[in-house]
Amino acid sequence: MVLARLWRTVKGERSPVTTLQFFRQASRYRDQGKFEEATSLVAQGLRLDPDNVVGLLLAGSLHTVFREAHLARAAFERVLALDPRQPRALLGLARIAFEEGEAGTCMEFLRRALTHYPEFPEAQALLGVVRSVGVPVAPAPTSRSAVHVDRLRVPVDSREALLARVDATLIFAQPRGARTEEIAALTSQLCRVASAMLARSGFGPLHHAVIEGVAETTFLRTDGEVVLSIAFGRDVEIRAGLAHLERVWTNYRQELATQVA
């Protein structure tokens with residue numbers, strides 16, 4: 001394939017840049033957490049070479065980061081139209097199906113990937129997780145709780161805080177919106193998946209996690225029965241975020257103990 005080219009200025013000189021260089025730099029940006037910059041480069045590269053498999057895979061992974069499942073699915077499906085055995089496209093679609101609660105579809109994509117690439121470790125790991133924790137079909141209905149939210153002292157600078165049981169039953173959320181139950185279900189699923197993966201690696205169950213997203217950082221605490229997550233802006237200090245998390249967790253346990261007493 002003849003790579004499309006464009007010109008850019010480098011140190012005052014004009015230098016040719018190929019789509020491959022676009023995608024290599026985009027991959028580096030993605031790995032560094034510079035998702036907006038990576039997305040811009042991928043878009044430029046795909047305008048020059050719309051059927052480039054590397055670019056489409058990168059596009060799919062970046063759409064996944066931004067929670068754009070329909071766009072990620074379209075990118076991975078385009079890859080499979082070009083190469084029906086492409087393992088990373090199959091894995092990408094399996095992950096989307098897993099998050100959407102489509103267990104059968106997820107298993108089918110993983111089966112196809114492992115049929116052609118039986119030593120594909122990421123597909124094997126996801127298959128093990130699906131088998132061990134299952135895939136929830138839908139968020140559990142909300143239940144009322146006697147927890148007094150004001151006593152938990154949720155930090156005022158947090159963007160979102162929620163407490164849910166591991167079966168996705170919501171205990172409290174602040175603030176609460178149309179997607180709160182869905183977020184609670186995804187958070188609970190994340191805990192089950194992470195715990196299963198840690199157990200498979202011999203590290204024991206999940207207790208704490210720090211998740212750095214595109215626009216915010218989420219701190220998570222679980223004891224295997226309930227999960228607490230608190231989200232802050234990206235500029236939050238990790239130590240401060242963990243301190244807030246532990247304080248709210250302690251207040252919740254104290255509130256629970258008071259009710260039992």
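The legends below describe close-up views of a predicted model. Local features are given at pLDDT of at least 70 and side-chain atom pairs at pLDDT 80 or more, whereas totals for chains, interfaces and linings use all residues. Residues are numbered from 1 along each chain as its sequence is written, and side-chain values use heavy atoms, without hydrogens and water.

**Figure 1. Overview of the protein, with 10 helices and 7 strands.** Helices (H or I, at least four residues) and strands (E, at least two) are DSSP runs, numbered from the N terminus. Of the 261 residues, 39% are buried; buried means under 20% relative accessible area, exposed over 50%, and partly exposed in between (1.4 Å probe, protein chains only). The accessible surface is about 14,600 Å², and carbon and sulfur atoms account for 54% of this area. Accessible areas come from the Shrake-Rupley method with a 1.4 Å probe; for residues, only the protein chains shown count as cover.

**Figure 2. The largest nonpolar core, with 39 residues.** A nonpolar core is a set of buried Ala, Val, Leu, Ile, Met, Phe, Trp, Tyr and Cys residues joined through side-chain atoms within 4.5 Å. The members that touch the most others are Val42, Phe76, Phe98, Cys106, Leu110 and Leu126. Helices that each supply at least two residues of this core include H1 (19-31), H2 (35-48) and H9 (180-200). Helix H5 gives the most, with 8 residues. Leaving aside residues up to four places away in sequence, Leu110 touches Leu91, Ala94, Ala123, Leu126 and Leu127, where contact means heavy atoms within 4.5 Å. A second, separate core of 16 residues has Leu163, Val226, Leu228 and Ile230 among its members.

**Figure 3. The 2 aromatic pairs.** Rings of Phe, Tyr and Trp (its six-membered ring) pair if their centres lie within 6.5 Å; planes under 30 degrees apart count as stacked, over 60 as edge-to-face and the rest as tilted. The ring centres of Phe219 and Phe232 are 5.8 Å apart and the planes stand at 75 degrees, so this pair is edge-to-face. Phe219 belongs to strand E6 (residues 216-222) and Phe232 to strand E7 (residues 226-233), so the pair ties together parts 13 residues apart in sequence. Phe219 and Phe232 are both buried. For Trp249 and Tyr252, the centres are 6.3 Å apart and the planes at 55 degrees, so the pair is tilted. These two residues are 3 residues apart in helix H10, about one helical turn.

Figure 4. Pro155 is buried because its relative accessible area is 8%. Not counting residues up to four places away in sequence, Pro155 touches Ile230, Phe232, His244 and Val248. Pro155 and Val248 are 93 residues apart along the chain, and their C-alpha atoms are separated by 8.4 Å.

**Figure 5. Backbone geometry at Pro175, Arg67 and Arg153.** Most residues other than glycine have a negative phi, and most peptide bonds are trans. Gln174 and Pro175 are joined by a cis peptide bond, with omega about -5 degrees. Pro175 is in the loop between strand E4 (170-174) and H9. Arg67, in the loop between H3 and H4, has a positive phi of about 60 degrees. Arg153, in the loop between H8 and E3, has a positive phi of about 55 degrees. Arg67 counts as exposed at 53% relative accessibility, and Arg153 counts as exposed at 52%.
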